[in-house]
Amino acid sequence: MPDPAFRAAPPDALRIEPLGELTAIFDRRSMQTHLVVSPMPEILAAMGADDWDAATLAKRLAESFDFDGVDDVRTILAERLSELAAMGLVAHA
Amino acid sequence: MRHNIRIAVGPVQFRIGSDWAEPISALEQLYAGYPQDDARPADATVRLFAARPWRRWVRPSVHIGGDFVVPDALPLPLSMGLLAAEMGMNLQVALGWRRHMLLHASAVARDDRALIMSGESGSGKSTLAALLGEGDWRLMGDEFTLIDPASGDALAFPRAVSLKNEAIAAVAAQVDAARLGPLMAGTPKGDIRHLIPRADAIADMHEPARPTLLLFPRFGGAAAIEPMGEGEAFVRLTEASTNYVALGEAGFAALTRLVRETPAFGVSYPDSATGIALVEQLWAEVAK
């Protein structure tokens, strides 16, 4: 079964404010406040405006982050993307 | 209604109407020193009413009404009419005020800078604020602190301080009896007595103060100070705000700014004297 693809929110939809170990995100569409920790902010930043599936996103993130010793980054990313979708911060492409 | 009073506290103009004279007389005594402006329209309305006409005299019980109501709320006996009035005032502000972000927190000021203490009932925030206010701090409020979304300033809301149980004796020992309201024993919240803020706190109630220290006090337990990160302070304050959600992005921006610009600490203390010492210690560190 092919990896589902996801797209991040449009450019002005989210207001992202780092607060130490937490990142607070205000979704202007729903008026909801979300509080997330790594790797969510990094994932959202890497996605930009394009569509991504977990496998491709894993390769992209490996360019900036050290994943040595982490097994199956793809599976972990697929879970995080589903969680972001449940929060409404990314959508199924 | 038959009996009425208008009271201005900080930016809020209240009008309180009542089927009975007693709660209004008690309010007149507590708020005698506050500025009076009969021309200013009311921002918040409280109604103390009898459920049926004969209940004004037969087992009189005071229902709390106004712009905003809590459905099925239990009434209070007339002997606690003043408590009903104060609860009604809290309710109107908590549910209806949108001009500023509301924090369930006490605050005191020194040199135009504010110490804000956020906590639930029993944390000691009201008692600490009252005691600091009798020293060289200006009492800004014991129940609500207002944050201006545009400037980030803290604004005072100095209502009569609601002292409960042991705090009554501790504060009464330090103040003139003329500054205390009637004792209401056995209320749903225990024994309650109100303290009228000092004259300087009332005179300066429109003066903003820059948030400088944010404390989350916990009464009971050994003296301890724990620095709190911005993220945790943010979460705790969203829980302590009655109108954070209603303010939308303005609330998000105001709260983000507040936690970034104001150092925060959790503080445990076994007694008031220790609590005050910890406050002064932290203030000396952050307010240099």
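**Pockets and interfaces in chain B**

The largest pocket is lined by 32 residues, and B:G122, B:S126, B:T127, B:S162 and B:K164 are those nearest its centre. A pocket here is found on a 1 Å grid over the protein atoms alone: an open set of points where a 1.4 Å probe fits, with protein on both sides within 12 Å along at least five of seven lines, and lining residues have an atom within 4 Å of a point. In chain B, the elements giving two or more residues to this lining are helix 2 (81-96), helix 3 (125-133), strand 11 (161-164), helix 4 (166-172) and strand 13 (190-195). Helices (H or I, at least four residues) and strands (E, at least two) are DSSP runs, numbered from the N terminus.

Before I go on, the conventions. This is a predicted model, in which local features need pLDDT of at least 70 and side-chain atom pairs count only at pLDDT 80 or more, while totals for chains, interfaces and linings use all residues. Residues are numbered from 1 along each chain as its sequence is written, chains are lettered from A and ligands numbered from 1 in the order in which they are written, and side-chain values use heavy atoms, with hydrogens and water left out.

Back to the largest pocket. About 600 Å³ of space lies in it, where the volume is the space filled by probe spheres set on the points, and points are joined across faces, edges and corners. Helix 2 of chain B contributes the most to the lining, four residues. By class there are ten nonpolar, twelve polar and ten charged residues in the lining. Ala, Val, Leu, Ile, Met, Phe, Trp, Tyr, Cys and Pro count as nonpolar, Asp, Glu, Lys and Arg as charged, and the others, Gly among them, as polar.

On the domain 1 side 23 residues are in contact with 27 residues of domain 2, contact meaning heavy atoms within 4.5 Å. The area buried between the two domains is about 2,000 Å², with carbon and sulfur atoms giving 70%. B:L30, B:Y34 and B:L83 lose the most area in domain 1, together 24% of what that side buries. Buried area is the accessible area (1.4 Å probe) that two parts lose on being put together, summed over both. One salt bridge is counted between the domains, that is, a side-chain nitrogen of Lys or Arg within 4 Å of a carboxyl oxygen of Asp or Glu.

Next, the second largest pocket. It holds about 450 Å³ of space and is lined by 22 residues, with B:S118, B:G119, B:F216, B:P217 and B:R236 nearest its centre. Strand 15 of chain B gives the most to this lining, five residues.

Last, the chain interface. 13 residues of chain B are in contact with 13 residues of chain A, and about 1,100 Å² is buried between the chains, 66% of it from carbon and sulfur atoms. B:E249, B:F252 and B:R260 supply 47% of the area that chain B buries there, more than any other three residues. Three salt bridges are counted between the chains. B:R260 forms a salt bridge with A:E17, with the closest N and O atoms 3.0 Å apart.
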